[in-house]
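Let's take a walk through a protein model together. Keep the picture open beside you and look up each part as it comes along.

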Amino acid sequence: MTKLHMTSLARIDEQIDQEQLKSLRRRYLSGRPMRYVFRPFLMSVMLAALMIGLLAVIVEVSGDSRWFRATFLLFFIALESIYTTNWLNHPQQLPLDRSTYRAAELLLLLILVFIASWLIFDQGIPTKDMLFEYLRAPQTLILNGHFLITALLAAIIWRLATQLSEIFTKLQVSEFELRFHSLPLAQRKERAEDQPIQFGRGELVDAFVRSWLLGGLLLVFAIGFSTIDQQSVEKLTAPLASGRASLEPRLLSALLLYFIIGLWLLSQARLMNIHARWLLNNVNADENARQKWQRTSLLILALVVLIAAFLPIGSTSAISQIINVVLFWGMAIAYLIIFLLILPFAMLLALFSGQGIEEVTPPPTLEPTFMQPPLESGSSYFGETIAMVLSSGFWSVLIIVVLLALLFYFRERRLAGRGLIKDQQLIERFINWLKEVWANLRKQARSLQDTLILMRETESSGEENPGERSRWRFLRVSSLSPRDQLRYFYLSTVRRAGDQGVKREPSGTPNEYVDNLKQSWPEVEEEFDDLTKAFLKARYSSREISAEDIPPVKGTWKEVRRELNQKPTSVEEPMEGSEE
Amino acid sequence: MNLIILIITLLVVAFLLRIDFIYYIVYVCIGIYFISRWLVPYTMRHLQGSRKFNDHAFSGETVDITLLWQNTSRIPLPWLEVTESIPPELRRNESAAWAIGLGSRQKRRLEYQVRAGRRGYYQIGPARLTSGDLFGLVQPSSGQLGPDYLTVYPAIIPLVELGLPSRLPFGTIASQQRLFEDPARPAGVREYRSGDSQRQINWKASAHANHLLVRRYQPAISLETAILLDLNQASYEKKDWRYHTEWAIIVAASLAAHLANQRQPVGLISNGVDPMLAAEGLVFDQDSGRLLHDESEQSVISGMTATSLLPHSGRAHLMKLLETLARIESENTIGLDQWTATACAPLTWGVTIMAITAAGDEKTCQALHHLVRSGFNPILIAVEPDLHFGRTRERARQLGFRAYHVLRSANLELWRQPHGSLAQ
């Protein structure tokens, strides 16, 4: 689809009238300040206003007013999301893998949210012990209430901003449509197959209206909830009759901004929809029609906002009294209907029973019958090592992924070309360095894996664990690197020898151990020496080991393995005669 | 609808939760809704429009059409979409739809052009108007500016290009017959010339001037011509009847224009149908946009008789005649041989009758011969290609009238004969 679009665009590109294209841009496309400054800014403000409602609820529940500081962060996230969506929808970005880019963007935003939440909630500079704890157990850093809720809010506003921006980007006349309609009418008829696909812009406007209205209701309810005076709720049984705290200026501004900006955006959406229709229907629109539209809509909004400010508000106003009366009579009629419906049944029941209704006794409270499983007290050395390995791996992977995301995010935005990162070679060197680091980490991880296997074998030599053994057996040797294969041959030999009773001391070196082996299986003394040398070379030498080095060692290992199936000479069972 | 639901919900929430500020939001929403509902219908009611153009054009001309719009109210109209209906036959490769904004008491002119490619009576418009509010809260308002009509005359070709002699038809008659002058209608005096009758000398004026002056009179009998246009479909070849009937109309128009330029009275009698008179309501063709005869109506005869315009001189009469020729359509009506005598009955004696038909078959020639015997001066003009037209010409000569073969320029290369032979 992408290629098709690009091809069609390129085909049209050859024959378009540049003057006509400019004229169409002027008439049917919003100006740059509107597209790149005002509209994104106002959309972000509107969404941030909506989030203020949610923040107000959180503040009301938690009692921590620092949550309001997150407004700026959420505003920034909305702005970033809108700009990114606009940028991704540009025809030049058609070949870009959007999912990957969005994933990189989200990761960076998540880190930003983490840093921001750290700062917002004054968690200060972490101590050395805290840092060590975070390194050891990264989940303690992430599984943090403040961070998780901020991340959730960030995710909500990011999603809303993306949706909103998508709607407005699609509503706007696309570059492809402009180029196609800059062709003369006769050519357009000839190139019917290149005609842009029509889609329902009206439905997009409806989608915006729906989401705006839902958001507005949510905001109103959230603000309503946040203004409930908790103390009065505790005293009174009717929640609607509870006391009300006064509306904070912050919430008042959020409410006003949300609805005013929403109405203005509604006007913009309508304008874009109509302009797109005019372009597609070859309607000659005035060049200043857009400005007139915007001016008039702003004028009407300002006028209404001004007039509304002079009208009476509150429960004493006429409109409120009318609603009061309507609701009162509505409730009264509803009660009457319910009473009339229930009355015959109640009378019937009274005839049969002749008793009052027993007072309902509250059910006995259930006691929890299960016990919490006791936490494992302390961890073994092995467990700690595993945790350290996992956390190291996690941090390494995280750092690399973040760096890659950062590079991808900014490289695609062509920051390098704009002078923010001037030295391209520096980037390449950095990438190469990252690759090397990654390769080393992998090497170290493999080495560690072997060591761990060995340690585990050593630890659990007395306890047979068939499951673990089978896992070991099913290791695919050919998939390992030549160096690892050599190490595997040696380590498996050590394990088998251990199984036969010739165990390696934890403090023993391979050269010390080989003497024991040779003593136990003298038939394969040379093979043991070769295997040990190969292991030492693989383990400690930095020289490259190629695949050609494997076959002779593998042959040796097979011979040794065959021999190891027999009992060792030194631990052979004593002969019957000798016992006697 | 959505906004109304929001307003009601906000009102209920404001009342139940007792948040006074929500009333303010409600007022704003209500204000926007009512302004949207009121603004556009109000300004649309105060919108005046008109269409200005030259409603008559000759085939091949370009007609400039101007749409004038004025917002007579003080409230600006934020946007107005105007879509003009143009007949397909007149369309050019340009859009006839505009989107404009009209400020307080502002006027706007919208201009476009149509190409009068083919004769006919066309409807220009109606112009559909659409406008709406700026927030999409109410349905768009619509209106329209009624249609106007454009008459495209048939093409007019000089007689020489038609292959006819320029002195036709009056030249030959003038050489054989004197013009009758009416002594009751003096038109002045002139110098005496040799050969003037003595009875024509104005003695009083001569005595006063001291040289001989002769009386001049207005002619009592002018040389009238009636064009008898045969548009009976059955007379023409089935294959190309449209093509040849159109050509017959062009020939008729060209002759009429030529005669009018010579200040000769000219009339038109046709067995075609004028849809303007035949139909009760105007029916325009979907494909071309021309006014066509409604085939469902059985008013052929009335239409036919309605296209009888007796000879008159003057520019106004020519325009009337050309208008009829612009609208007239070929139909299955009545054959020329059956209709000639009736059609020519209102004409005075001595009128030249130029019968334009497909070909001069024997029946047609006999009908024209009857006209000769009735004291008319018929001329046959055949418009369909005919290999044996020489025989027709000879037959006509024997029956006392002349016959011409007038073909379209595309056919003339094959069929044009030397000028002298045509005029024989």
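What follows is a tour from one chain's overall makeup to the place where two chains touch.

First, some ground rules: this is a predicted model, in which local features need pLDDT of at least 70, side-chain atom pairs count only at pLDDT 80 or more, and totals for chains, interfaces and linings use all residues. Residues are numbered from 1 along each chain as its sequence is written, while chains are lettered from A and ligands numbered from 1 in the order in which they are written.

Start with chain B. You'll find 14 helices and 20 strands there; helices (H or I, at least four residues) and strands (E, at least two) are DSSP runs, numbered from the N terminus. Of its 424 residues, 39% count as buried. Buried here is a matter of counting neighbours: 20 or more other C-beta atoms within 10 Å of a residue's own make it buried, 12 or fewer make it exposed, and anything in between is partly exposed, with C-beta atoms placed from the backbone. Now for contacts, meaning two residues whose C-beta atoms, placed from the backbone, lie within 7 Å. Among the contacts in chain B with a separation of 6 or more, 72% are between residues 24 or more positions apart.

Next, find the open sheet of six strands in chain B, which goes S17-S14-S13-S18-S19-S20 with mixed pairing. Two strands pair if DSSP finds at least two bridges between them. The edges are strand S17 (308-312) and strand S20 (402-405) of chain B, each pairing on one side only. From one strand to the next, the twist averages 20°. Angles run from 0 to 180 degrees between N-to-C directions, and axes are lines fitted to C-alpha atoms, for helices over the stretch in contact.

Strand S14 (residues 266-270) of chain B pairs with S17(B) in the antiparallel sense over three bridges, and Leu268(B) has Leu309(B) in S17(B) as its bridge partner. Across S14 and S17 of chain B lies helix H9 (residues 315-327), at about 155° to S17(B).

Most residues other than glycine have a negative phi, and most peptide bonds are trans. Yet the bond from Gly125(B) to Pro126(B) is cis, with omega near 0°; Pro126(B) sits in the loop between strand S7 (120-124) and strand S8 (127-131) of chain B. Asn210(B) has a positive phi near 70° and is found in the loop between helix H5 (203-209) and strand S12 (213-219) of chain B. Is Asn210(B) buried or exposed? Asn210(B) is exposed, because 7 other C-beta atoms lie within 10 Å.

Finally, where do the chains meet? The contact takes 36 residues from chain B and 49 residues from chain A. On the side of chain B that touches chain A, helix H1 (2-17), helix H2 (21-45), strand S4 (77-84) and strand S5 (97-102) each supply at least two residues, and H2(B) gives the most, with ten residues. There's a strand link too: two bridges join S1(A) to S5(B), which run parallel, and Asn284(A) stands opposite Trp98(B).
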